Amino acid sequence: MKPNFIQKVTNWGNFPVVEKEMRSDDSLRKIKEFVKNNNEIIARGNGRCYGDASLSEHIFSTKKLNKFISFDRLNGVLECEAGVLLSDILEVTVPQGYFLFVTPGTKFITVGGAIASDVHGKNHHAEGCFSDYVLEFSLLNENGDVLNCSRDENADKFWATIGGMGLTGIILSAKIKLKNIESAYIRQESIKAENLDEIFKLFDESESWTYNVAWIDCLQTGKNIGRSILMRGEHAFRHELPKKFSENPLRLKNKWKPTVPFYFPDFVLNSLTVKLFNWAYYGKQRSKEVKNFIDYETFFYPLDVVNDWNKIYGKSGFIQYQMVIPKENGKAGMKKILETIAKSGNGSFLAVLKLFGKSNPEAYNSFPIEGYTLALDFKVNSKLKKLVAKLDEIVEEFGGRIYLTKDSMSKSSLTNYLQNVENPKFVSMQHKRILNT
Ligand SMILES: Cc1cc2nc3c(=O)[nH]c(=O)nc-3n(C[C@H](O)[C@H](O)[C@H](O)COP(=O)(O)OP(=O)(O)OC[C@H]3O[C@@H](n4cnc5c(N)ncnc54)[C@H](O)[C@@H]3O)c2cc1C
């Protein structure tokens, strides 16, 4: 009989699926013992990376490291264990007038995962990465020592761990800075763009907005290539809210959430259904421009409203391919990428374009560089490897790179910005795959 800590594990893309040892503990003594007794360990937060970044022979799940340590309400500084979810933080802090400076497109990730991937949001051009608001964290390293890491103490480990994909050790807890908000609502403008020229112009005109993101219909070709909707937003002040929101501006009503009950059969998602979805999504907004106030959940986390939405891709799973192309090559690179996808017939349900501002040179393992980033979901099928190889070539040609936390099949040359993380204790399947490519 297999010991019961060997189990099937997979991340959000349901690809790959592996059988590995996974343990979770909240006793430092036991965590240290686990690290001492094993090699090829990787920390796993909530498995919201898509591929194999938080998989290895021995996985340490931070699920039990889920406690808040302190909250300084005067200065907006929160300290918690690394397995605390961003959703837990928002539940506690939003009613008190605080929000995360940087949040990705799902709130179901842990603080440890946010640091290890150095996640970005819709505001990179204005407010940078998650790490810009990390004051310090504690790290269990390969020797079993707990290091306090900050810009002043163990700074080398601090910077290697930021975006270091769990390869420098296990983050146990962290202290982060939060931003003041007057309401839980966003003042949003959605603007339709007919093609790439228009959406790039809109991004340029919207740089003074804190949050910018565009949904792209990646099956359009010819003069419609790059047809999209830009959504830009600002945290709403209380005085500008309509009356129905301003009476209780920091509290949202609980909403019912549907759940995808089972893995969809393979035939459900194909280029025709993707085309239909894109047509309906673009057509849903009748006028060129809509201005409104929406709650932060709808603005930041539109996908979180359906539980287990990853099951619509079926049992063979899906990958997310996210790349960044330097700003000067942005339009030409995106055009070639979108043409290649449209030609391949491998439609992406979700295609999201964002603008990155200048990167922080100290955070050398972080993915963002100044430019345009596109994230695409692809169902795993027999044609996918070939498409990914073609996209990799284009990204390389235009001087771009791949986001490791989404990757499960890309070429090593696009991912080798990762540095100072080599040690025999902490190794992920992703890192091994990349080193062997
Ligand atoms: C719907 C959706 C939308 C997303 N949108 C965005 C986005 O807009 N921007 C963005 O940047 N990302 C985005 N992501 C990706 C996600 O934010 C990252 O993959 C994040 O790192 C996942 O965190 P996690 O806690 O689930 O960690 P996991 O997925 O389990 O692990 C991710 C990485 O972090 C490491 N890690 C986790 N915990 C620790 C720890 N305690 N110590 C050391 N290393 C650790 C793992 O080893 C692994 O390398 C999105 C993901 C989904 C599913």
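Begin by selecting the ligand: domain 1 (6-62) and domain 2 (68-180) both give residues to the shell around the ligand, so it lies between them; the domain bounds come from an automatic or database domain assignment. What you have open is a predicted model, in which local features need pLDDT of at least 70 and side-chain atom pairs count only at pLDDT 80 or more, while totals for chains, interfaces and linings use all residues. Residues are numbered from 1 along each chain as its sequence is written.

Next, display the shell itself, where 33 residues surround the ligand, the closest being Gly45, Pro104, Gly112, Gly113 and Gly166; a residue counts as near a molecule if its C-beta atom, placed from the backbone, lies within 6 Å of it. Strand S3, helix H3 (111-116) and strand S10 (170-180) are the elements that give two or more residues to this shell, with helices (H or I, at least four residues) and strands (E, at least two) taken as DSSP runs numbered from the N terminus. Colour the shell by class, and it divides into 14 nonpolar, 17 polar and 2 charged residues, where Ala, Val, Leu, Ile, Met, Phe, Trp, Tyr, Cys and Pro count as nonpolar, Asp, Glu, Lys and Arg as charged, and the others, Gly among them, as polar.

Now select the whole protein chain, which is divided into domain 1 (6-62), domain 2 (68-180) and domain 3 (185-414). The C-alpha centres of domain 1 and domain 2 lie 20 Å apart, and their contact (C-beta atoms, placed from the backbone, within 7 Å) takes 14 residues from domain 1 and 15 residues from domain 2. On the side of domain 1 that touches domain 2, helix H1 (28-37) and strand S3 (41-44) each supply at least two residues, and H1 gives the most, with 4 residues.

Methods: Two residues are in contact if their C-beta atoms, placed from the backbone, lie within 7 Å.
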